[in-house]
Amino acid sequence: MTVTACICVLLLFVSISVGSVRISLSDMGTILWYTLRGLPVPSSIPEQNVTIFLSVRLPRALAAFFAGGALSLSGAVMQSLLQNPLASGYTLGVSSGASLGAAFVIVTDWSVPALGQFLLPASGFAAGLVTVLVVVAVAARIDRTLRSQTVVLIGMVVSLFVNAMLTLVSSFAGDRAKQLLAWTMGSFNGKRWYHVGVLMAAALFGLVVLLLSAKSLDVMSFGDDEAYAIGVNVRRQKILLLLVATLLTGVCVSFTGTIGFVDLVAPHVVRKLFGASNRRVLPMSFLIGGSFLALSDMVSRTILSPQEIPVGAVTALIGAPFFVVIYLKDRRKE
Amino acid sequence: MREAIRIEHLSSDYGKDMKILKDVSFTVGEGNSTAILGANGCGKTTLFRCLTGLLPFTGKVEIFGKDIRQLKRDEIARRIALLPQTSGVYFSYTVKECVELGRFVRGVRTSHDREVIDRAMELCGLSDLAQHPVDALSGGQLQRVFLARTIAQEAPVILLDEPTNHLDLRYQNELMEYLKEWEKGQTCLPDGSTCRNTLIGIYHDIGLAAQVSRDVVLMKDGRVLSAGKKEQVLSRERLTDAFDFDVTKALRERQEVLESCLSHS
């Protein structure tokens, strides 16, 4: 596990290093070392590189890292909680809801001066949260014990409904359709330190809360009746964990747009490598998901440079075949 | 003899897809293995859900003299455990991790905890499989893992919800052997008193139920039709009434066909 953690951190730095301007690992180390101690960076390193590293590359990579970590955590939780290896942070419709919220803002060109540029993420987050609350409320009404298949089914139905509304809204988007599309595909372009701050706070908060519930999450992955009998307060835990997972995905979607596959793939890879116990799955999903997204973001900005492709497309392009390979391997084992 | 479970006028009608229980009353004596029999949908599993605190109900349920509604989740789990039907596993926990989850409420750190876990695995013949991933096990082995987990919970009452479903006859017998072995033991209650282990099982196989239980509760349409010693409860008329079908005749016919096949070979 320690080795994997080191590799992840290394990958993070590699993904910072690569780009139109190459910054070597040792230069990065030097810049970090001096900046953290509050000293001026030695003039042997071009000033332009220092600026690129500190105010473009580093915040961007860290934003991607924490977003990837948060998404993977949320995916790991949803898979265990719903006993469904195909569940993800998006199963409850948070992304559809957030996209609809953002689409509404983009299409109507609505603005609230007090919120400024936070209006888009804020409305996305709010709409995502409302969607999830609708899903949970409807599911709880149909089925008091919130059984997994009910939650998944209602989540799917509501997502599809909200997606249809999104299609409807985007057909009125006209010349804003491109902006809308870019938003739904996700990007880390122009991410600054305050983005990193919000994403980091959400991801670390989620990690801590989830680690405290890791044991009950393990128990719940075997089914609700058993979890009750073993002594887990399933209903309360389910609502708490669904909310934390939604918060994690919601923050990511609202700041970066919909980025798929990280949340689906990272927990599976981790379970393959380290076993299913959530004490290990949660922190390792966080690390592996984070560095995977940072790496994907590097690919997205360099592969067709100077043009940037949406990171959501990159994760899906790498993630989808990867996922199939892992699943086929699993099948063969059986 | 103490009562392990006392159920008085229990009714439950929550949820449209849930089966309804109407005024169910019976008691289970400490150490008296009891079978609950009845047609599909007569409310057996719903009854178990009430006993583990999953479903709300009216009436009264006492476990070793304590009203279940006065007990918190973890306090119920210290008294009643549940062995479910063979279910799928979605994630590859190791056998040991899986057994340890049964001690969610009690913990796994002290030497007593480790001893209980080791003993449960040994009793179920799993000591050699401790580090095996559960998703690579056969159905019979998997059900033994779940049994070990249920035993590791250290509750004096174990509810069995069709535990031998999906198991072939050899594994059915094997599983019931492990259960009988457990039943001979005693368990300490949270208040320090010891009590004899007690099994309450839902079975579809009436022969198996008769084989492993002392008492039988016969249910129909959410009510108790008859309860008491198996010799008193199990009669042709009562079974026919409970299942709306001549069960004994069907069982006999099956037996006859099988025997005529065996005698030809």
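Me: Which residue stands opposite B:Ile7 in β4(B)?
Reply: This is a predicted model. Strands β1 (residues 3-12) and β4 (residues 58-63) of chain B run antiparallel, joined by five bridges. One facing pair along them is B:Glu8 with B:Lys60. The residue opposite B:Ile7 is B:Val61.

Me: What is the order of the open sheet of four strands in chain B?
Reply: β1(B) and β4(B) are joined by five bridges. β4(B) also pairs with β5 (residues 66-67) of chain B, over two bridges and in the antiparallel sense. β2 (21-29) and β5 of chain B are the edge strands, each pairing on one side only. The pairing is antiparallel, and the order is β2-β1-β4-β5.

Me: Which residue in the turn between β4(B) and β5(B) has a positive phi?
Reply: B:Ile63 stands opposite B:Lys66 in β5(B). The two strands form a hairpin, with two residues between them. In that turn, the residue with a positive phi of about 45° is B:Phe64.

Me: Which strands stand at the edges of the open sheet of six strands, each with a single partner strand?
Reply: This sheet of chain B has the order β6-β7-β10-β3-β11-β12, with mixed pairing. An edge strand here has a single partner, so one side of it is left without a neighbour in the sheet. The edge strands are β6 (80-83) and β12 (223-229) of chain B.

Me: By how many degrees are neighbouring strands of the sheet of six strands turned against each other on average?
Reply: The sheet has mixed pairing. Direction is ignored in this average. The value is 20°.

Me: In what sense do β6(B) and β7(B) pair, parallel or antiparallel?
Reply: Four bridges link β6(B) to β7 (residues 157-161) of chain B. B:Leu82 stands opposite B:Leu159 in β7(B). The sense of the pairing is parallel.

Me: Which helix packs on the sheet and touches β6 and β7 of chain B?
Reply: Its direction makes about 175° with that of β6(B). It spans residues 139-152 of chain B. The helix is α5(B).

Me: Are α5(B) and α6(B) roughly parallel or roughly antiparallel?
Reply: The axes of α5(B) and α6 (residues 169-183) of chain B come within 10 Å. They cross at roughly 15°. Angles under 35 degrees count as roughly parallel. So α5(B) and α6(B) are roughly parallel.

Me: What is the handedness of the crossing of α5(B) and α6(B), and which residues of α6(B) make the contact?
Reply: The crossing is right-handed. α5(B) brings B:Gly140, B:Gln143, B:Arg144, B:Leu147 and B:Ile151 to the contact. By class, the contact has six nonpolar, two polar and two charged residues. From α6(B) come B:Tyr171, B:Glu174, B:Leu175, B:Tyr178 and B:Trp182.

Me: Which element gives the largest share of the side of chain A that touches chain B?
Reply: In the interface, 22 residues of chain A are in contact with 25 residues of chain B. α9 (214-220) and α10 (224-230) of chain A each supply at least two residues of the chain A side. By class, that side has seven nonpolar, eight polar and seven charged residues. The largest share, five residues, comes from α10(A).

Technical notes: Residues are numbered from 1 along each chain as its sequence is written. Chains are lettered from A and ligands numbered from 1 in the order in which they are written. This is a predicted model: local features need pLDDT of at least 70, side-chain atom pairs count only at pLDDT 80 or more; totals for chains, interfaces and linings use all residues. Two residues are in contact if their C-beta atoms, placed from the backbone, lie within 7 Å. Ala, Val, Leu, Ile, Met, Phe, Trp, Tyr, Cys and Pro count as nonpolar, Asp, Glu, Lys and Arg as charged, and the others, Gly among them, as polar. Two strands pair if DSSP finds at least two bridges between them. Axes are lines fitted to C-alpha atoms, for helices over the stretch in contact, and angles run from 0 to 180 degrees between N-to-C directions. Angles under 35 degrees count as roughly parallel, over 145 as roughly antiparallel, 65 to 115 as roughly perpendicular and the rest as oblique. A crossing is left-handed if the near helix is turned anticlockwise from the far one by less than a right angle, and right-handed if clockwise.
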